[in-house]
Amino acid sequence: MLLTLAWRNIWRNKKRSLIIISAIAVGLCCGLFASATMFGMWDSMINTTIDRDLGHFQIHSKSYEEEKLLTDTIPNFQNIVTKLNSTKFVAGVSSRTIIEGMASSAATSNGVRILGINSDSEKNITSIHQQIIKGSYFGEGWKNQIVIGEKLADNLGIRERSKIVLSFQGVDGSIIYGAFRVAGIYKTESSVFDKTNIFVKEDELLSLLNSKKISNEIVVRLSSVQQLDSVYLPTKLMYSDLSVKYWGELAPELKLFYDMLLTQMYIFVGIILFALLFGITNTMLMSVMERVREFGVLMAVGMKRSRVFLMIILETISLSFIGGFAGIILALIFIEYFGYVGINLSAFTEGLSQWSLGTQLYTSLPFSFYPPLALMILGTSILGAFYPALKAIRLNPAKAIRTY
Amino acid sequence: MSTYIKLAWRNLWRNKKRTLIAAASVFFAVILALLMRSMQTGYYDYMIDASVRMYTGYIQVHGKDYWEKRSLEESMVTNADQINKLKNINGVQLIVPRFETYSLISHGNKTKVVQITGIDPQLETKLTDLKKKIVSGLYLSDSSKGIVLAQGLAEILKVEVGDSLVIYGQGYHGVTAAAQILIIGIVKFTLPELNKSFSYLSLSYAQWLFSAPERLTSLSIMIDNPKDLDRIKSDIQKVFNDKYEVMDWEELSPELIQSIQIDNASGIIMLGILYIVIAFGIFGTIMMMTAERVKEFGILISVGMKKWKLALVSIYETLFISFIGVFAGAIISIPILLYFKANPIPLTGEMADAIMAWGFEPILPFAVYPGMFFAQIWTVLAIAMVSALYPVLFIRKLKPVEAMRG
């Protein structure tokens, strides 16, 4: 009954109600869309980092963590790879041999991270093979192929099929040289990554090293990030003498900013609601002052003050929720649309590249964001209604009836 | 004229609470906006200053293609006359010559790729405070034949001051550069990437080792005031007659300037959203003030008040409501911002660790520029003018006879 009354009261002054409803709707819609943009940005940053390099989790020997030396290998790595390969939810496992060394062209040289990989298993892990801009990802035909980043190719002044000499330290400490020919050039979202990471075939690198099969790093990719706990945690327990880390530990700053992002979005939406609070209070205050006589009559004929209070609160809640729902639905439409089409940010390529971001931004917002949002809107409307409602029940019915 | 202002002012206070609530919304919005802008610009200023002091300087001079190729083949030769001319440019604080290249460094059976920088020890420390970052051993001297290693690098190679290293690299014109060098000092950087890859030689020794006597790869230039950047840059270009490339920090760190632009744009969008919400509040208040006075307007017009004068009064009312908020907000903000500018907020916890890992101090710096205040004033003025359209149009269409009966 009270709700019906409240609902009808809202529409007695349509223009005023519509203004505050549209204020809430527009404010929320903008706020949610901005949050979705930020969220989409970090989401894509994490995804590109996982796709490009990290995988979902990695295994190293404990000493490799600190020193990153070729000789810090994982013992019995083949057993681990086989075991992980037959584990449920695992989409791909790749073992890498990693050496820091120098890449020299005829003109100049650069420090690089040489990754000896098995190109077939690596394809299940990273997206580099899809990001080749020239040449191919290890084709047939000649020996000692190498895949390098565009930025490094520019720095070294080399092209596809150019010769490149790698120098690095072997297992016994001697310096080893190897001539390679560029098979393909890749370009990822991160210029830093492109400058330092080069890929060669594991067996060719091992024969240069004159070494048996070794592994510095095992990268695991799951069918979905949701399965992380069910695979990562048992693996971590099983190999307690190795360092098993998931992407959040491998890129802690990424994880930290991601966690902070959600807090930031709540604060941002909170600020918008705070600004709306004034509008809501003002609207309800006007509405109460117009109806002084009406409240006087209601109280005089026996309506309890608590019910008058509740009625005004309900009016405000309905008002805010109409606006809130309109805002959320509008925002969802925009978020879904731009989540599908994407926003073009190519004007900021270099800055985005530094942050490992692509130039196409897809908006997204986790659904877990909405229930707390509804609570925040509810809280705001109650807070906004409080003063006008208090004013109404403080009226003296006898005087109020005579107010025109 | 003053009569209308007086009229508008009195109209405002016919419903005190409503006016105050509307003004308060502007007040809080302005304070929030100013705090946010101050924090953002303060952060940008700090980032720029910290990053130019970390390595690059505000301006660098390179050989033509050096920046692209990073090859010793693109290094340059400067003469004393040019350096003197540079020093005489008004606003130039410091000129730091460098010789930078990559090389392999080994100790025992451990080898790392490092950046080797040949420096003028005295000038370098004025720019980057390198001497203060020494954690053990000595700093370089002009004729020193030793090497100073970054601490992370020393840990990986398991070396200490007094140990010897073998440098193995490629010198000018492809000549092999190899030498056994004594470690004389260890220097600690907060940024892990620098800490694991940097090493320093004295300039003359580096030039000798890499067979490039008298050659430099860059001159880093520090200036007194970032505002003079463009003038100083063009003066430097004149000194070298376009023979060498002159780049400012925006070109040297495009990723820094673009990250700033992205962050700045997102900040402005957020404030825009906040102000849209505030605009609705003001508009709603003005609308209510108009709607409840239909009868009054009708009477005023029928007793001979000109419509445009009435419209003028309503414009004044709108301006007053908004500007009470803006001015109160701005005035309250000034001491708050100045306080935080002098005492930046220290950060703690995980966030602080992350910022320190990037090599910056864990503080939230603030900056105060007059432009920030004007930006808020213009924004609110725009909102007020748009909101004032409603009563103006309303009065224009008003029919006094009908209005009086309403």
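Into which domains is chain A divided? In this predicted model, chain A is divided into domain 1, made of residues 2-50 and 254-401, and domain 2, made of residues 75-215. The C-alpha centres of domain 1 and domain 2 of chain A are separated by 52 Å.

Chain B also has a domain assignment, with domain 1 covering 2-52 + 256-405 and domain 2 covering 64-243. The centres of these domains of chain B, taken over C-alpha atoms, lie 51 Å apart. The secondary structure of chain B consists of 16 helices and 14 strands. For the 406 residues of chain B, the globule rule gives a radius of gyration of 22 Å, but the value for the model is 32 Å, well over that figure, so chain B is more spread out than a compact globule. The C-alpha trace of chain B spans about 100 × 50 × 30 Å along its principal axes. Buried residues make up 39% of the 406 residues in chain B. Among contacts in chain B with a separation of 6 or more, 81% are between residues 24 or more positions apart.

The two chains touch each other: 50 residues of chain A are in contact with 49 residues of chain B. On the side of chain A that touches chain B, the elements that give two or more residues include the helices α2 (14-54), α6 (150-156), α11 (252-290) and α14 (349-354). The strands β2 (90-104), β3 (109-117) and β6 (163-169) of chain A also give two or more residues to this side. The most is given by α11(A), with 14 residues. By residue class, the side of chain A that touches chain B comprises 22 nonpolar, 20 polar and 8 charged residues.

Two of the strands on this side, β2(A) and β3(A), form a hairpin with 4 residues between them. The strands run antiparallel and are joined by 8 bridges. Within this pairing, Thr97(A) stands opposite Gly116(A) of β3(A). Strand β3(A) also pairs with β8(A), residues 197-201, in the parallel sense over 5 bridges. In that pairing, Ile117(A) has Lys201(A) in β8(A) as its bridge partner. Of the 9 residues of β3(A), 7 are buried, so this strand is largely enclosed by the rest of the structure.

Key. Residues are numbered from 1 along each chain as its sequence is written. Chains are lettered from A and ligands numbered from 1 in the order in which they are written. This is a predicted model: local features need pLDDT of at least 70, side-chain atom pairs count only at pLDDT 80 or more; totals for chains, interfaces and linings use all residues. Domain bounds come from an automatic or database domain assignment. Two residues are in contact if their C-beta atoms, placed from the backbone, lie within 7 Å. Ala, Val, Leu, Ile, Met, Phe, Trp, Tyr, Cys and Pro count as nonpolar, Asp, Glu, Lys and Arg as charged, and the others, Gly among them, as polar. The radius of gyration is taken over C-alpha atoms; the globule rule is 2.2 Å times the number of residues to the power 0.38. A residue is buried if 20 or more other C-beta atoms lie within 10 Å of its own, exposed if 12 or fewer, and partly exposed in between; C-beta atoms are placed from the backbone. Two strands pair if DSSP finds at least two bridges between them.
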